[in-house]
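Please look at the aromatic side chains in the structure below.

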Amino acid sequence: MFDFLEGYDLLGAFWVTVKLAVYSGLGSLILGTLLAGMRVSPVPLMRGFGTAYVNFVRNIPLTIIIVFTSLGLFQTLGVSLGVEDFTDVNFRLAVLGLTVYTAAFVCEALRSGINTVPVGQAEAARALGLSFTQVLRLVILPQAFRSVVNPLANVLIALTKNTTVAAAIGVVEAANLMKTMIEAEAQLLLISAVFAFGFICLTLPTGLILGWVSKKVAVKR
Amino acid sequence: MTSVLYDAQGPRAKQRNILYTVLFLVVLAAVAWWVYDSLNAKHQLDWIKWEPFFTSSQPWETYLWPGLQETLKAASLALVIALPLGALFGIGRLSDHRWVRIPSGAVVEFFRAIPVLILMITANAAFSEYTDISSELRPLYAVVTGLVLYNASVLAEIVRAGILSLPRGQTDAAKAIGMRKGQTMRHVLLPQSVTAMLPAIVSQIVVIVKDTALGGAVLTFPELLASVRPMSANYGANTIACFTVIAVIYIALNFTLTSFASWLEGRLRRGKKSTGAVLGPGTVEAAGGTAPISVSGDFKSGAGGGGI
């Protein structure tokens with residue numbers, strides 16, 4: 001029944017999907033935290049930059065960003081992100097695009113987490129003489145992170161699904177392989193079912209595990 | 001300007017802020033210079049590459065306007081079909097009958113867990129194999145089908161959250177005056193929850209508009225993004241200019257919608273007549289198992305996972 005799978009590197013394609021999700025997940029966590037820090041900082045210019053970044057990036061389709069990294073950055077401007085091989089370039093460009101896009105959502109999730117920390121905590125920290133960065137680093141962010149595990153899990157799940165957009169610039173991940181297989185094999189329903197199952201295998205456990213983690217680490221108030 | 005995190009600033013803090021501002025400006029200026037320099041080196045800033053968008057109506061008439069029309073057509077079709085479907089499944093998930101509740105839940109969770117692109121590719125192949133829809137119309141059908149399947153399930157969750165956000169007393173009171181289940185839903189619960197859902201629905205439209213671009217990149221759907229290639233071929237490899245114009249159109253369109261959604265949310269929250277909550281843009285999150293629905297509390301969450 002599943003003979004049509006032979007000759008295709010199904011696991012390899014899903015492995016690329018996972019790698020895309022992990023790398024851009026880490027990247028967007030770092031960039032998103034920086035942006036969230038900027039958005040709550042006392043320096044008006046940084047706040048403005050953070051707000052502008054989020055509002056611009058959130059309203060552009062991810063597809064445009066990813067296609068732009070290939071057509072605009074790579075083919076027009078020659079930005080190859082330090083590799084020569086064509087496949088590697090596309091992979092890195094996709095990670096860059098996904099990171100830039102997802103960071104805006106990480107930033108928003110974190111900012112809502114910062115808002116859940118009671119005002120008194122920051123006031124107490126300031127009363128102890130901590131500076132803004134110390135307040136943020138030692139008191140606010142650790143609590144904020146613990147309260148936004150669930151929203152961040154949702155961002156990660158959305159990111160996992162969004163990695164399929166990398167197919168638009170020829171990264172051989174799941175959606176790309178699926179398209180190739182549908183064109184070559186006459187097994188439409190089975191192929192779709194296999195890929196749907198693959199994505200459910202990726203997203204469901206993420207949601208369940210991180211949902212459990214979020215209950216575990218939530219700050220009881 | 002004060003906030004939770006810092007006090008009104010004294011003279012030393014003010015000086016420090018000025019220093020940070022200057023440092024940040026330097027970093028921004030360096031990045032801007034690098035961007036300018038690399039664009040200039042590839043002649044992407046030459047007036048001749050940007051001029052078609054400003055001096056002639058041709059690129060707008062031939063590519064951008066038709067592309068935008070296709071984008072809006074697909075998005076509005078998807079919304080119009082997905083809304084009633086979503087309402088149906090959302091109410092189905094709240095049914096008292098297990099044989100309605102469980103299948104509705106399964107369908108909603110299934111389509112929320114799968115990427116839209118996978119749905120679109122499948123729909124496209126299915127239409128070409130099992131129907132005789134002409135090949136010009138097929139991408140539109142495929143895009144709309146993918147969008148409907150995904151967004152109907154997200155809208156179902158919005159509807160469910162909206163109905164659940166109403167206090168129990170509403171149902172009890174309806175029962176007390178002898179209303180049947182269907183009447184309670186039609187006359188009491190739905191009308192009230194619609195107002196609560198509006199901001200979440202408006203911000204879901206942004207997601208629909210953004211996802212139409214997938215059709216252009218993968219399924220030869222002639223929407224806005226798809227016009228980059230013919231435009232840059234016609235107007236002298238002005239890729240950067242084309243992308244800039246298209247991104248600006250998308251930002252203008254979606255920013256209007258997001259601002260409207262958060263204005264609506266604020267307004268509904270302030271002038272709230274019912275006791276139910278108001279669902280913000282990030283209320284119903286992306287996907288993943290039986291994720292509990294968070295009715296956002298008093299802090300304003302931005303477009304969270306659901307907005308991706």
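## Basis

This is a predicted model, in which local features need pLDDT of at least 70 and side-chain atom pairs count only at pLDDT 80 or more, while totals for chains, interfaces and linings use all residues. Residues are numbered from 1 along each chain as its sequence is written, chains are lettered from A and ligands numbered from 1 in the order in which they are written, and side-chain values use heavy atoms, with hydrogens and water left out.

## Aromatic pairs

Over all chains, the structure holds 12 aromatic pairs, a pair being rings of Phe, Tyr or Trp (its six-membered ring) with centres within 6.5 Å, stacked if the planes are under 30 degrees apart, edge-to-face if over 60 and tilted for the rest. In one of them, A:F49 and A:Y53, the ring centres are 6.4 Å apart and the planes stand at 45°, so the pair is tilted. These two residues are 4 residues apart in helix α2 (residues 44–58) of chain A, and therefore separated by about one helical turn; helices here are DSSP runs of H or I with at least four residues, numbered from the N terminus. A:F49 is partly exposed at 28% relative accessible area, whereas A:Y53 is buried at 16% (buried means under 20%, exposed over 50% and partly exposed in between, with a 1.4 Å probe and protein chains only).

The rings of A:F68 and B:F243 have centres 5.2 Å apart and planes at 80°, so this pair is edge-to-face. It crosses between chains, from A:F68 in helix α3 (residues 62–76) of chain A to B:F243 in helix α10 (residues 239–270) of chain B. A:F68 is partly exposed, with a relative accessible area of 26%, while B:F243 is buried, with 3%.

## Cluster and charge

A:F14, A:F195 and A:F199 form one aromatic cluster. The charged end of A:K19 sits over the ring of A:F91, 5.7 Å from the ring centre, where sitting over a ring requires NZ of Lys or CZ of Arg within 6 Å of the ring centre and within 35 degrees of the ring normal.
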